[in-house]
Amino acid sequence: MSKGRHEKEKKRDVWAIANIAVTVTLFIVVTVALLILERPTESYTENRHLATFPEFSFEKFFSGEYTDGITEWFDDTVPWRDGFKDISANIIKNMGVSFGSVGSVTGSLIKVEQEGQTTTAGTQPVSGPSGAVPDESGAGSTTTSAVTQQTTPPYDPRNEIAEGIVTNGTVVCQIDGHWWGISFYSGGYNRDAFVQYVNDFAKDLGDGIQTYVMTTPTHSEFYTPANFAEYNASQSYVIEYVGERLNDNIININCCPALEQHLAEPIYLRTDWHWQPLGAYYAAEQFAKAAGVPFADISTYERMDIEGFVGSQYTVTTQDARLLNDPETLVYYKPSNRHTCDYYDTSYNLEFEAWPIFIPGSTTYSGIFGGDKKIVRIETDVNNGRKLAILKDSYGNAEVPFLVGSFEEIYVIDVRWFDLNAIDFIKEQGVTDVLFSMSTVSATGVNADHIDRIRTQ
């Protein structure tokens, strides 16, 4: 073997040893970091609380639930979790990898069911507006009104032909220069059950308590572009369908016409499944009118801006970098009249006394009441003898601050997280008004069943 060849092999051996040393060192550093660094408790990009370390019990230990819980906690709370996900999303984007092209459809199938028609989304590319003429039950249907006679028609994203793709039942599209993540509505398979559950609930409450229903539309009702409309069912139609079948003593409130007047304003979040509190303000105003209670103008509220917000649609779309790189401003409105909030667990045991409506430091939609797994009692300086129980999902949270000046007492109850008999509870608290305020997706879907559960348990 020549001397030169021998030297080359020695250099290769040195590099190999160096590479192994660096790799082992890096592995040790990362492992130690994962073990000792502080683990996050909340994901801001996914808009959710992360897994918590499980409580030990012998029963959980021997069943395997305890060790499974540790594994879930370890995987879900990796240090710098959101940062790693964001870096990954941008790498995918910059490498030219995408989930489809303009107007293409990928991901899971979405079944759109309405009166007399059934379509399946995700089976073919979207090439442009549907050639079918929509009827009263069709998605994207329009009506002629005095508004359409204006010289300059009002802003309506539903008339747009937008760049976008569909993935996981959500279209990521560009409207008016910004990226949106809009989840489609499938038509409300459980709407008849919802009607029956509410009718039974109101009957059990009796004549002394007025019941209202305000199923609130999600962003797909107003912001789905024309070239994706065939994959989205009409929520306005379902709201009217529900209203026509409720008992006569129940007041149904369709807030769609009011919201349609403000589509040019930020009434829905672009990067999150929820609406902006501003949209909740316009809906709450319609409820206040129906209930005959005072309603404070939004100018009397303290505005609180959370800049750089990216919500849950970023996760739904498997971390689409276009949403990540086009953040928005989440705007809360703090009521100015005197009020106190007490927080209870789901069995109405007091946990926190005199806490604020908006949890300090939170930068997500769940900053309102800190989420949904609490019963909240709000006492106000209003003196009109009216007490409201709002039975809601997460959409209903944003309405409550705008009703603090309308009722002297408010009970906030999430139908998914309530462990008492709701009929007995409402009567015991002397409630005069009950409002069912849930998103259309939730009320006419799986969460409808919770209404019957809390009525009969």
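1. A charge is taken to sit over a ring if NZ of Lys or CZ of Arg is within 6 Å of the ring centre and within 35 degrees of the ring normal. Arg245 meets this over the face of Tyr241, at 3.6 Å from the ring centre. Lys373 lies over the face of Trp417, at 4.4 Å from the ring centre.

2. On the basis of the values: this is a predicted model, in which local features need pLDDT of at least 70 and side-chain atom pairs count only at pLDDT 80 or more, while totals for chains, interfaces and linings use all residues. Residues are numbered from 1 along each chain as its sequence is written, and side-chain values use heavy atoms, with hydrogens and water left out.

3. Rings of Phe, Tyr and Trp (its six-membered ring) pair if their centres lie within 6.5 Å; planes under 30 degrees apart are stacked, over 60 edge-to-face, and the rest tilted. This rule gives 24 aromatic pairs. Tyr223 and Tyr268 form an edge-to-face pair, 5.9 Å centre to centre with 65° between the planes. The two are 45 residues apart: Tyr223 is in helix 6 (residues 220–223), Tyr268 in the loop between helix 8 (256–260) and helix 9 (277–291). Helices (H or I, at least four residues) and strands (E, at least two) are DSSP runs, numbered from the N terminus. Both Tyr223 and Tyr268 are buried, that is, under 20% relative accessible area with a 1.4 Å probe and protein chains only (exposed is over 50%, partly exposed in between).

4. Tyr333 and Phe402 make a tilted pair, 6.0 Å centre to centre and 45° between the planes. This pair also links distant parts of the chain, with Tyr333 in strand 11 (residues 328–334) and Phe402 in the loop between helix 12 (394–397) and strand 16 (409–414), 69 residues apart. Tyr333 and Phe402 are both buried.

5. One aromatic cluster consists of Trp180, Phe222, Tyr223, Tyr268, Trp273, Trp275 and Tyr395.

6. Buried residues of helix 5 include Phe194, Tyr197 and Phe201. Gly206 follows helix 5 and has a positive phi, near 90°.

7. An open sheet of 8 strands runs in the order 9-8-17-15-16-14-12-13 with mixed pairing; two strands pair if DSSP finds at least two bridges between them. Strand 9 (250–252) and strand 13 (350–355) are the edge strands, each pairing on one side only. Strand 12 (residues 339–344) and strand 14 (residues 375–380) pair antiparallel over 6 bridges, and Tyr344 has Ile375 in strand 14 as its bridge partner.
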